[in-house]
Amino acid sequence: MECGIAIIQINATVGALERNLERVIRFLNQARQQGASLAVLPELVLTGYPPEDLLHKPAFLQRLARVEAGLAEAVEGLGMEVIYGSVRHSARGLVNAAVHRRGATETGYFAKHCLPNYGVFDEQRYFVPGEEAVCFTCCGLRVGVSVCEDLWADNSPIPQLVRNGAELLININASPYHVGKAREREEVARGHVLRHGLPLLYGNLVGGQDELVFDGGSFALDATGGVAGRCGACVEQILLLRAVRDAEGRVRLGHGPVAAIPDVEREIYRVLCLGLADYVAKNGFEGVVLGLSGGIDSALTAVICADALGAERVETVMMPSPYTSRESLEDAADLAARLGVRLISLDIEPMFAAFRKQLATEFAGLAEDVTEENLQPRIRATLLMALCNKKGRLLVTTGNKSEMSVGYATLYGDMAGGFSVLKDLLKEWVFRLSRARNRWAEEAGEAPPIPERVLEKPPTAELRPNQKDSDSLPPYPVLDPILEMYVERECGIEEMVARGFDRETVLRVVRLVDRNEYKRRQAPPGVKVTQRGFGKDRRYPITNGFTFS
């Protein structure tokens, strides 16, 4: 007995039922042409993940049923078996299901047992947990299928699937990215393989969905825990494997292509590019607009935009004020030329003067302060949004996680926009990725995209004479570790002080983070790359009386 099994790593769009079906059928055709008898598709592949409150709309579920009828017809025509993610109605409510279809016939489904309700997940709002560990017979194999969290939870149904006769394990997923997630998935899966002595196939979704990015990396482990095949990160792909029954009756996996897991800089960079590209494409924008300041944040954002979309779909805008240095103007122009993107220059000094004149009577007798500084980014935001409105483009903001954490950004100014590429990157990571991108260019025999002077000069907002970020914030090598401990790992004051950080600095940073929740609520979505970003997975009240002494 030999069975060709295709793990299909596919990019689905939430709610685009008919388009998702077309994509699925196209990949099924390719898998069949490659010799697959069984195809494995990701969790909720027809609805996209997470469908959220679309699942509360009867019209959505009715259209999903019609789409599934189209899938049944296609699978019958191909003479295949398919395991794919969808929803089903059980006696107790809606379930997140792994459906097995042999031709036009649905032989049954496995209902996801373990419903995640932490971080970015909210599945208990929509689904009831499954209770039965159903195995399927696929191509002569007894297959134990589970869904995503079922692989991770302490009460995993996988042992029961094995007791029920499974000889091959399959786990279908919509597993979003964070740093190091690819290796975590394989280690968790390997634990099941070594406990039960069975091969395991892991199929994951790929693509961007709002702040989430599904990075793919689908893989297969043989019965010893070795990698029998692996898809690449952030690409649609078919991984074809052969399952055979040996002389002793055990199922063995033949080995297929094994894509390398990229180093952490490339991993993050690819995820940022995919998240941006899919947000632009899936929401129908013609391209993007962003402000260039001559600084490192806007430089890295522009490079990511050009890499993700192509230079022709990126417009950059330099908007000098009275405090913009000659070096910043030169660096912005140098960067735009290196990337081949259009650079527009719009002087905001006349508008800044007009605003100040209009407010002069009300401001009489009051000293200049952050109010005048903030007028400048708010003028810039108005110009940028006008360009986007006129040209059907998305305004991409350039702020990083360090700034967003402590509120070092202007509400309705540089925070204004539709998407934030660097939202979950601390400032030290911005420098790290920028240097890595230049290094990759040099290794490829190309000119580095980011001018060296941009990498070397001290960060500044240039909203007043001789301004530096360090005037208002601790140095980033001090600030970023405190933010990582407090925001991402919920460390307490004493724990951070015990690690060598000055108590007053820690308290100052913590107060800034807590005080600026209202700003972050009004910030655009952005790509999540850490285990805890500012989005669905961190929900703090704005009105909050809890403080650290």
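**Close-up 1. Helix H4 lies across strands E9, E12 and E13 in this predicted model.** The helix spans residues 181-196. Its direction is set at about 30 degrees to that of E12, a strand of residues 219-221.

**Close-up 2. Six strands make up an open, mixed sheet.** Their order is E6-E7-E8-E9-E12-E13. The edge positions belong to E6 (135-138) and E13 (227-230), and each of these pairs on one side only. On average, neighbouring strands of this sheet are turned by 20 degrees against each other, direction ignored.

**Close-up 3. Strands E8 and E9 run parallel and are joined by five bridges.** E8 covers residues 168-173, and E9 covers residues 200-204. One of the bridges links Asn173 to its partner in E9, Asn204.

**Close-up 4. Five strands form an open sheet with parallel pairing.** The order reads E18-E17-E16-E19-E20. E18 (342-345) and E20 (419-420) stand at the edges. Each has a single partner strand, so one side of each is left without a neighbour in the sheet. In general, strands of a sheet pair through backbone hydrogen bonds, either parallel or antiparallel.

**Close-up 5. Strands E16 and E17 pair in the parallel sense.** Five bridges connect E16, residues 288-292, with E17, residues 314-318. Leu292 has Met318 as its bridge partner in E17.

**Close-up 6. Helix H7 lies across E16, E17 and E18.** This helix comprises residues 326-339. Relative to E17, helix H7 runs at about 170 degrees.

**Close-up 7. Gln376 sits in helix H9.** The helix runs over residues 370-391. Gln376 has a relative accessible area of 0%. Gln376 therefore counts as buried, the cut-off being under 20%. Leaving aside neighbours within four places in sequence, the contacts of Gln376 are Ser321, Tyr323, Ile348, Phe352, Glu462 and Leu463.

**Close-up 8. The second largest pocket has a volume of about 360 Å³.** It is lined by 18 residues. Closest to the pocket centre are Tyr118, Phe121, His178, Lys181 and Gln531. By class, the lining of this pocket divides into eight nonpolar, four polar and six charged residues. Rolling a probe the size of a water molecule over the atoms shows where empty space is left.

Methods
Residues are numbered from 1 along each chain as its sequence is written. This is a predicted model: local features need pLDDT of at least 70, side-chain atom pairs count only at pLDDT 80 or more; totals for chains, interfaces and linings use all residues. Side-chain values use heavy atoms; hydrogens and water are left out. Helices (H or I, at least four residues) and strands (E, at least two) are DSSP runs, numbered from the N terminus. Buried means under 20% relative accessible area, exposed over 50%, partly exposed in between (1.4 Å probe, protein chains only). Contact means heavy atoms within 4.5 Å. Two strands pair if DSSP finds at least two bridges between them. Axes are lines fitted to C-alpha atoms, for helices over the stretch in contact, and angles run from 0 to 180 degrees between N-to-C directions. On a 1 Å grid over the protein atoms alone, a cavity is a set of points where a 1.4 Å probe fits but cannot get out, and a pocket is an open set with protein on both sides within 12 Å along at least five of seven lines; lining residues have an atom within 4 Å of a point. Grid points are joined across faces, edges and corners, and a volume is the space filled by probe spheres set on the points. Ala, Val, Leu, Ile, Met, Phe, Trp, Tyr, Cys and Pro count as nonpolar, Asp, Glu, Lys and Arg as charged, and the others, Gly among them, as polar.
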